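The report below is meant for someone meeting this structure for the first time. It takes up a pair of helices, then the core, then the chain as a whole.

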Amino acid sequence: MDVPVHDGGRGSLSGRPSSLSASFEASEDIAPARHLALSFLANVREVHGLHVPDRVTGAVQLVVSELVTNALEYAPGPCLVTLSTVEGVVEVTV
């Protein structure tokens, strides 16, 4: 899923990539995956000075929650979640 984030006129994200990954086991609660998404977006705001609209925060958190839930329910073994910013969008990879 790609969700645009805005830099408030400060420049492009292309020179400032950001990425965060974590692994989750089937026995874990889904809350840590949602927290990972919130932490990542907080970092995008604080470190990179980018405006992340509330709807983007909600969408990223929902997508992470749904994808991790499905991966843990239907796939064997742990799943790896990676959140990154690439040229003005948030990429979610599970």
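## How the two helices pack

In this predicted model, α1 passes α2 in a right-handed crossing, a crossing being right-handed if the near helix is turned clockwise from the far one by less than a right angle, and left-handed if anticlockwise. The two helices pack at an angle of about 145°, with their axes 8 Å apart; the axes are lines fitted to C-alpha atoms over the stretch in contact, and angles run from 0 to 180 degrees between N-to-C directions.

From α1, the residues Ala 33, Arg 34, Ala 37, Leu 38, Leu 41 and Arg 45 meet Thr 57, Val 60, Gln 61, Val 64, Ser 65 and Val 68 of α2, where contact means heavy atoms within 4.5 Å. The residues of this contact divide into 7 nonpolar, 3 polar and 2 charged (Ala, Val, Leu, Ile, Met, Phe, Trp, Tyr, Cys and Pro count as nonpolar, Asp, Glu, Lys and Arg as charged, and the others, Gly among them, as polar).

## The nonpolar core

The largest nonpolar core holds 22 residues, of which Val 60, Val 64, Val 68 and Leu 83 touch the most other members. Such a core is a set of buried Ala, Val, Leu, Ile, Met, Phe, Trp, Tyr and Cys residues joined through side-chain atoms within 4.5 Å. At least two residues of this core come from each of α1 (31-48), α2 (54-74), β3 (79-86) and β4 (89-93), and α2 gives the most, with 7 residues.

Not counting residues up to four places away in sequence, Val 68 touches Ile 30, Ala 33, Cys 79, Val 81 and Val 94.

Asn 43 is found in helix α1 and counts as partly exposed because its relative accessibility is 31% (buried means under 20% relative accessible area, exposed over 50%, and partly exposed in between, with a 1.4 Å probe and protein chains only). Leaving aside neighbours within four places in sequence, Asn 43 is in contact with Ser 18 and His 48.

## The chain as a whole

The protein has 2 helices and 4 strands, which follow the pattern β-β-α-α-β-β along the sequence; helices (H or I, at least four residues) and strands (E, at least two) are DSSP runs, numbered from the N terminus. Of its 94 residues, 38% count as buried.

## Basis of the values

Residues are numbered from 1 along each chain as its sequence is written, and side-chain values use heavy atoms, with hydrogens and water left out. Local features need pLDDT of at least 70 and side-chain atom pairs count only at pLDDT 80 or more, whereas totals for chains, interfaces and linings use all residues.
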